[in-house]
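Please look over the protein shown here.

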Amino acid sequence: QLAETHADLCLRMNIPIAGLNAEVMKSQWEYQLQPQPALDAADSLWMSRFVLEKLAETRGIGINIDPKPVIGWNGSGAHINISTKTTRDGTIDDVQSLCEELGESHDDLIASYGEDNEKRLTGQYETSSIDTFSHGELNRTVSVRIPMSTVYSGSGHVEDRRPASNMNPYVAFKTLVPIISGELSKV
């Protein structure tokens, strides 16, 4: 009920929620934002978190955005879907090049992707290792995944699975945008 009420309230407030679903751990839910320019996406994430906290407060429920709230269960991420004009209009080779660019800046990105992320990015529980960069098609255990829609169409977006649920989107995007040559138009 809380997840659905949150999505409905966000939509009424013009915060572009695209979907929501239950996750692996009990009481763990995720929601997705619609594609937007980076600054708009950061604003939307920050405001949607605020709405969630206030809504939960009215029901006496706590919200935990720690990346690993319970040891032995899946953690919580804030995956960032990234596309550029080149990856949307180009070929799968352009998508692979984007993945390589993201890999070259792995350490800088990890440093901007949230606190205590090493507890989540262990290489277990559908995560990659925080120590190494990996990418691949249709693979939930890599740092950056090329999703089915991009593989089948030959162009599109990638999913950076490294950001922690507690990441500050402004800090993350300040690091991410220059890495991909200033081409970022949708996240």
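Q: At the start of helix 7, which residue has a side-chain oxygen that reaches to within 2.9 Å of the backbone nitrogen of Y170?
A: The model is a predicted one. Helix 7 covers residues 169-179. At its start, the backbone nitrogen of Y170 has a side-chain oxygen to within 2.9 Å, and that oxygen belongs to N168.

Q: Why do the buried residues of helix 7 lie on the same side of the helix?
A: The buried residues of helix 7 are P169, A172, F173, L176 and I179. They lie on the same side because, around the axis, they cover an arc of only 125°.

Q: Which residues are exposed on the other side of helix 7?
A: Exposed stands for a relative accessible area over 50%. On the other side of helix 7, the residues that count as exposed are K174 and P178.

Q: What do the buried residues of helix 7 pack against?
A: One of the buried residues is L176. Leaving aside neighbours within four places in sequence, L176 is in contact with I80, I82, L102, L109 and Y113. The buried residues of helix 7 pack against helix 2 (38-58), strand 3 (80-84), helix 4 (92-104) and helix 5 (106-112).

Q: Which elements give two or more residues to the largest nonpolar core?
A: The largest nonpolar core has 22 residues. Those with the most contacts inside this core are I80, I82, L102, V158, F173 and L176. The elements that give two or more residues to the core are helix 2, strand 3, helix 4, strand 5 (144-146) and helix 7.

Q: How many residues are in the second, separate core?
A: This second core includes C10, I15, I17 and V51. C10 counts as buried because its relative accessibility is 0%. The number of residues in the second, separate core is five.

Q: How many disulfides does the structure have?
A: A disulfide is a covalent bond between the sulfur atoms of two cysteines. To be counted, a pair of cysteine sulfur atoms must lie within 2.5 Å. C99 is buried, with a relative accessible area of 0%, but the count of disulfides comes to zero.

Q: How many residues apart in sequence are the parts that the aromatic pair of W46 and Y170 ties together?
A: The structure holds one aromatic pair. W46 and Y170 form this pair, which is tilted, with 6.2 Å centre to centre and 55° between the planes. W46 lies in helix 2 and Y170 in helix 7, so the parts tied together are 124 residues apart in sequence.

Q: Is W46 buried, partly exposed or exposed?
A: A residue is buried under 20% relative accessible area and exposed over 50%, with partly exposed in between. Y170 has 34% relative accessibility and therefore counts as partly exposed. W46 has 40%, so W46 counts as partly exposed.

Q: Which side chain makes a polar contact with the side chain of Q36?
A: Q36 is in the loop between strand 2 and helix 2, and is buried because its relative accessible area is 9%. A polar atom of the Q36 side chain lies 3.3 Å from the backbone oxygen of Q34. At 3.0 Å, the side chain of Q36 makes a polar contact with the side chain of S44.

Q: Which residues are in contact with M25, leaving aside its neighbours within four places in sequence?
A: M25 has its place in the loop between strand 1 (17-22) and strand 2 (29-33). Its relative accessibility is 11%, so M25 counts as buried. Leaving aside those sequence neighbours, the residues in contact with M25 are P69, V70, W73 and N74.

Q: Which residues does T150 touch, not counting residues up to four places away in sequence?
A: T150 is found in helix 6 (residues 148-153). At 0% relative accessibility, T150 counts as buried. Not counting residues up to four places away in sequence, T150 touches I92, V95, S155, G156 and H157.

Q: What is the phi of N14 near?
A: N14 lies in the loop between helix 1 (2-12) and strand 1. N14 is exposed, because its relative accessible area is 69%. Its phi is a positive value in a residue other than glycine, near 65°.

Methods: Residues are numbered from 1 along each chain as its sequence is written. This is a predicted model: local features need pLDDT of at least 70, side-chain atom pairs count only at pLDDT 80 or more; totals for chains, interfaces and linings use all residues. Side-chain values use heavy atoms; hydrogens and water are left out. Buried means under 20% relative accessible area, exposed over 50%, partly exposed in between (1.4 Å probe, protein chains only). Helices (H or I, at least four residues) and strands (E, at least two) are DSSP runs, numbered from the N terminus. The arc is that of the directions from the helix axis to the C-beta atoms. Contact means heavy atoms within 4.5 Å. A polar contact is a pair of N or O atoms within 3.5 Å; within protein, one must be able to donate a hydrogen and the other to accept it, and residues adjacent in sequence count only if both atoms are side-chain atoms. Rings of Phe, Tyr and Trp (its six-membered ring) pair if their centres lie within 6.5 Å; planes under 30 degrees apart count as stacked, over 60 as edge-to-face and the rest as tilted. A nonpolar core is a set of buried Ala, Val, Leu, Ile, Met, Phe, Trp, Tyr and Cys residues joined through side-chain atoms within 4.5 Å.
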